[in-house]
Each structure stands twice: as structure tokens, then as C-alpha cells.
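These are my notebook entries on a structure that I looked up residue by residue. The sequence and the model come first, and the entries follow.

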Amino acid sequence: MSNNADIRNIVILTGAGISAESGLKTFRAEDGLWEDHPVEQVATPEGFARDPALVQRFYDERRKNIRAAQPNAAHEALGRLDREFSGELLIVTQNIDDLHERGGAGNVLHMHGEGLSVWCQGCDARHRWEGTLGDGPACPACGEAAMRPDIVWFGEMPYEMDRIFEALSRADLFVSIGTSGAVYPAAGFVQQASASGARALELNLEESLGSSNFDESRLGAASELVPAWVDEVLKG
């Protein structure tokens with residue numbers, strides 16, 4: 001986009017498309033995760049109450065896949081932007097993987113939770129967790145076997161919405177990368193940022209449901225589009 005020198009505050013929203021090139025399935029592709037399990041079974045509090053063993057196995061597999069995946073050029077480019085951009089930057093991700101962090105980014109907010117984190121329903125503690133939950137391990141803090149994936153399921157409130165809305169209200173530029181534009185509240189972020197005066201840029205493999213809300217859409221692989229855009233921003 002033009003006038004990159006005027007950009008002092010960037011909010012970036014990332015979705016499953018940025019991690020797809022690292023081998024992590026998206027949820028809505030034809031071969032995506034929902035094809036194997038109905039969302040009601042594995043991504044709702046009711047599904048967990050009905051069959052906790054199934055849900056724990058599902059997220060044990062997600063945890064395994066996250067650990068095996070590696071950051072791609074898009075993650076690494078955003079890590080570079082985080083390190084070198086002189087203004088304010090917040091990366092809000094809908095993804096539960098840690099590829100942004102392993103790609104070098106520090107200012108990352110996981111609005112839908114983290115695959116390598118668990119949440120104890122007994123004492124409310126959260127712990128980094130790379131193993132399984134299927135065998136009912138005890139919480140390191142309280143000793144109860146009451147841990148669930150630290151994931152925001154359908155029907156639950158995404159994390160840190162106040163912080164996200166505050167950042168959107170101050171943004172000069174809002175960038176959406178690899179998102180379907182189908183899941184709210186994230187799908188509405190572009191309109192909120194635009195209403196506050198931010199320009200809006202979409203980087204996506206194909207047009208999303210919200211493409212018409214952006215000032216500019218660039219279509220292609222994230223591993224190609226994101227590094228090129230980061231170069232533009234850092235060159236001013």
C-alpha cells in the first residue's frame with residue numbers, strides 16, 4: 001500500500017491460511033479437520049461434557065501436529081517485522097499453534113487459545129503442555145485431574161477482546177492474513193478498524209467473505225505475499 005511512511009500502528013489478524021503451508025490443516029478446507037469430526041463433537045463445551053475422551057484425543061493429535069510443524073516464510077517475515085518495525089505492532093491470531101512465536105514474533109495474542117496450553121478446571125491455572133491429556137494427568141498446581149485444552153470453543157468468549165478492540169481503535173493499518181472472513185468476532189475487525197480511520201489490507205490465497213471491506217486485497221500464497229509486504233513496510 002502507499003504511504004507506508006505514515007504507518008505507526010499496525011494490527012495484524014492471522015488465520016489458518018498462514019499455517020497451512022507449514023502442514024497444519026485448516027478447519028474449513030475440503031480435507032479440513034471438521035471433515036473428520038463434527039464441530040459439535042470436538043469444539044464445544046457440550047461435546048466435551050458428552051465425550052471428554054474423544055475431545056482429549058482430538059487435541060492430543062493437534063498438539064502432536066503443532067510440535068512437528070515448522071514456521072514458514074510468512075511467520076518468519078512477521079517475526080522480522082516485530083523486531084524491526086519502529087512503531088506499534090500487535091499480531092492477533094485465530095490459530096492455536098505457536099508458529100508465530102517460533103518465527104520470531106513476540107507481540108502475539110491468541111484469541112482462540114493455544115494448543116500447547118492446558119487449563120485446569122479445578123484451580124483455574126494454565127500450564128504449557130506438550131504431552132497428552134487423554135490419560136487424565138494431574139494438574140501440576142492443584143493435583144486434580146481436571147485439565148482441558150486451553151482452547152476457546154464455540155459458545156465461549158475469545159480471549160482479551162478488550163485489548164484487541166483498543167488496539168483496533170488506534171491502528172493506522174489493519175492487515176488480515178489467511179482468514180476466511182467467516183468467524184465472528186474476528187470477521188468484524190476490519191470494519192471496526194476502518195471505522196477508526198485505519199486502512200485495511202487483505203493478504204489471502206483467495207477472496208474471503210469480507211474482501212469487499214478492505215481497501216486492497218492481494219491474492220496468493222502467504223509465504224510469498226507476507227515477506228514482500230513486510231519489505232515494503234520496513235523500507236517505508
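Where is the place of proline 185? I found proline 185 in the loop between strand 7 (173-177) and helix 9 (189-195). For these names I took helices (H or I, at least four residues) and strands (E, at least two) as DSSP runs, numbered from the N terminus. I worked on a predicted model, in which local features need pLDDT of at least 70, side-chain atom pairs count only at pLDDT 80 or more, and totals for chains, interfaces and linings use all residues. Residues are numbered from 1 along each chain as its sequence is written, and side-chain values use heavy atoms, with hydrogens and water left out.

**Entry on the backbone.** I looked up the peptide bond from tyrosine 184 to proline 185 and found it cis, with omega near 15 degrees. Most residues other than glycine have a negative phi, and most peptide bonds are trans. Aspartate 124, which is not a glycine, has a positive phi of about 75 degrees. I located aspartate 124 in the loop between strand 4 (113-120) and strand 5 (126-128). At 48% relative accessibility, aspartate 124 is partly exposed; buried means under 20% relative accessible area, exposed over 50%, and partly exposed in between (1.4 Å probe, protein chains only). Glutamate 160 also has a positive phi, near 55 degrees. Glutamate 160 belongs to the loop between strand 6 and helix 8 and is partly exposed at 45%.

**Entry on the aromatic rings.** My search of the whole structure gave five aromatic pairs. Rings of Phe, Tyr and Trp (its six-membered ring) pair if their centres lie within 6.5 Å; planes under 30 degrees apart count as stacked, over 60 as edge-to-face and the rest as tilted. One of the pairs joins phenylalanine 48 and tryptophan 153, which are tilted, with 5.3 Å centre to centre and 45 degrees between the planes. Phenylalanine 48 lies in helix 4 (residues 45-50) and tryptophan 153 in the loop between strand 6 (147-151) and helix 8 (161-170), so this pair ties together parts 105 residues apart in sequence. Phenylalanine 48 is buried at 18%, and tryptophan 153 is buried at 2%. Phenylalanine 58 and tyrosine 59 make an edge-to-face pair, 4.9 Å centre to centre with 80 degrees between the planes. I noted that Phe48, Phe58, Tyr59 and Trp153 form one aromatic cluster.

**Entry on charges over rings.** Which ring lies under the charged end of arginine 148? I found that end over the ring of tryptophan 153, 3.8 Å from its centre. The test asks that NZ of Lys or CZ of Arg be within 6 Å of the ring centre and within 35 degrees of the ring normal. Arginine 126 lies over the face of tryptophan 119, at 4.3 Å from the ring centre.

**Entry on salt bridges.** I recorded 14 salt bridges in the structure, each a side-chain nitrogen of Lys or Arg within 4 Å of a carboxyl oxygen of Asp or Glu. Among them, aspartate 60 and arginine 63 meet at 2.7 Å, N to O. Both lie in helix 5 (residues 52-68), three residues apart, about one turn of the helix, and both are buried. Arginine 80 forms a salt bridge with aspartate 231, with the closest N and O atoms 2.5 Å apart. This pair links distant parts of the chain, with arginine 80 in helix 6 (residues 73-84) and aspartate 231 in helix 10 (residues 222-235), 151 residues apart.
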